[in-house]
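Hi,

Here is the structure I promised to pass on.

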Amino acid sequence: MKPDTRLIHHAYQAPGTWEAMPVAVFKGSTVLFRNTAELHRLKARDRSAYTYGLHGTPTTYTLEQRISELEGGSHTVLLPSGLAALALVNLAFLHPGDEVLLPDHIYGNNKELARDFLAPRGITHQVYKSLDLEDLASRIHERTRLIWVEAAGSISLEFPDVCAIVALARQKGVLVALDNTWGSGVAFRPFDLPGGLGVDISMQALTKYASGGADVLMGSVTTRSEALFDILDRTHQCLGFGVGANDAELVLRSLPSVHLRYRAQDESTRRLADHLQAQPWVKQVLHPAMPGSPGHEHWRALCAPEDAGDQASNLQPGRRRHLALQPLQPLQTLKQGGAACLVSAVFDPRYSKAQVHAFVDALKLFRVGYSWAGPQSLAVPYSLRHTREHERPDEHGALVRFAVGLESVQDLIADVDQAAKGLAG
Ligand SMILES: *Cc1c(COP(=O)(O)O)cnc(C)c1O
């Protein structure tokens, strides 16, 4: 053999045992089969073998399983972005003549997909009032195939009654898909809702919490139903929405700390929300844990059901007295519950858009940019008047959404205060 051939057909095989905690990055477009019989026999559909890089590798199968674990589902497919993941759900389950119902506060690109892509293909949609069950019920008819839910909306943070929506959909024989990026499998379990209920499909932008590093784009779609997974997986394969092993590895690296990061960012965000609430330039704070924020009671029922009990059991004086260190309060448990790192402030209407933009530009630690749940805090002014049919929380005052990162919250609060000096007078 010539040197070039020898380099490609090199005989060395590393020994077969390597045990370490990190999941290896398996790469390959081509998968090699021992012979034609194996080529014809092996199937990737049930994840029992490998047939082609696009159809899965040990790295992506492992991440699928871990996302299923996080979500409490049984089957997951991975996609190159959150947007691709929600597109997959629509493409897999909607056929010409079907109708999909979207809450007004849904991630904006889902509405755009419905309007610009699904509508020309004979799939209709309606936008329902995010928190109004009667409004939703009145829109369901015989062509309704799918209802989307988002809890909480990622800009205006309204929290719907997820259980009631699922119960209604079940009664009407309509599928429920949840955009679970906000809860990320930490704030609540979408397949184990109170009352024995569960959504049919949960999708996430893994770009946000699962990644946590603001360095990878990825999406997931999870279900607990064999039949629904079959449809999702077939559609996924038809469309070729695979993910690369290096990207999957980035998510696998971050995933073990997702609960800790969720808690830490939750705690900081609540501190910031409390601070904002006390500022004269803020008309309203939108955060599901803030009493008075739309849907607060639904959030409380689903994501903080044991608040009172926790406090009582943790403050037993007999058990505490001999502890030398003051235990950390908010991170003491890793149970379900909590709220994400997003809080929006509706500014007092006396401030012009230009003043509010100047406030955002004056922030130093909060940078201007999309996405959230990474280490870096972000702030973005949103104008919802043109994208919302029913709910316009910015109608009487500009809205700024803060995405809290992993910086010290004292520094973040000081940053907000220094930027707000420009609002004086
Ligand atoms: C970011 C986001 C998406 C889209 O995810 P990408 O990976 O950015 O495409 C979908 N839904 C919600 C709620 C999001 O925040």
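Predicted model: local features only at pLDDT ≥ 70, side-chain atom pairs only at ≥ 80, totals over all residues.

Residues are numbered from 1 along each chain as its sequence is written, and side-chain values use heavy atoms, with hydrogens and water left out.

**The ligand**

Which residues surround the ligand? They are S81, G82, L83, Y107, E150, S154, D179, T181, A205, T207, K208 and W372 (a residue is near a molecule if one of its heavy atoms lies within 4 Å of it). By type, this shell divides into four nonpolar, five polar and three charged residues. The classes work like this: Ala, Val, Leu, Ile, Met, Phe, Trp, Tyr, Cys and Pro count as nonpolar, Asp, Glu, Lys and Arg as charged, and the others, Gly among them, as polar.

K208 has a polar side-chain atom 2.6 Å from an oxygen atom of the ligand. For W372, a polar side-chain atom lies 3.1 Å from a ligand oxygen atom. L83 uses its backbone instead: an N or O atom there is 2.9 Å from an oxygen atom of the ligand. Taken alone, the ligand exposes 380 Å², and the protein buries 90% of that (areas come from the Shrake-Rupley method with a 1.4 Å probe; for residues, only the protein chains shown count as cover).

Helices and strands here are DSSP runs, numbered from the N terminus (helices are H or I with at least four residues, strands E with at least two). Buried means under 20% relative accessible area, exposed over 50%, and partly exposed in between, with a 1.4 Å probe and protein chains only. Contact means heavy atoms within 4.5 Å.

The buried residues of helix 7 are V162, C163, A164, I165, V166, L168 and A169. Their cover includes strand 3 (124-128), helix 6 (133-139), strand 4, strand 5 (175-179) and helix 11. Just after helix 7, G173 takes a positive phi of about 70 degrees.

The loop between strand 4 and helix 7 holds E158. E158 is buried, at 5% relative accessible area, and its side chain makes a polar contact of 2.7 Å with the side chain of S156. Leaving aside neighbours within four places in sequence, the contacts of E158 include H105, L131, E150, R388 and E391. E158 and H296 are 138 residues apart in sequence, yet 7.7 Å apart in space, C-alpha to C-alpha.

A152 is found in that loop too, between strand 4 (144-150) and helix 7 (162-172). The peptide bond from A151 to A152 is cis, with omega near -5 degrees.

Most residues other than glycine have a negative phi, and most peptide bonds are trans. R47 has a positive phi of about 60 degrees although it is not a glycine; R47 lies in the loop between helix 2 (36-41) and helix 3 and is buried at 19%. A373, also not a glycine, has a positive phi of about 75 degrees. A373 sits in the loop between helix 14 (353-362) and strand 10 (378-382), and counts as buried at 3% relative accessibility.

**Helix 9**

In helix 9 (residues 245-254), the buried residues are A245, A248, V251, L252 and S254. Helix 3 (58-71) and helix 10 (258-277) are among what covers them. N246 is in helix 9 as well, but is partly exposed, at 40% relative accessible area. Not counting residues up to four places away in sequence, N246 touches V25 and K27.

**Cysteines**

Cheers

Methods: Polar contact = N/O pair within 3.5 Å; in protein donor to acceptor, adjacent residues only side chain to side chain.
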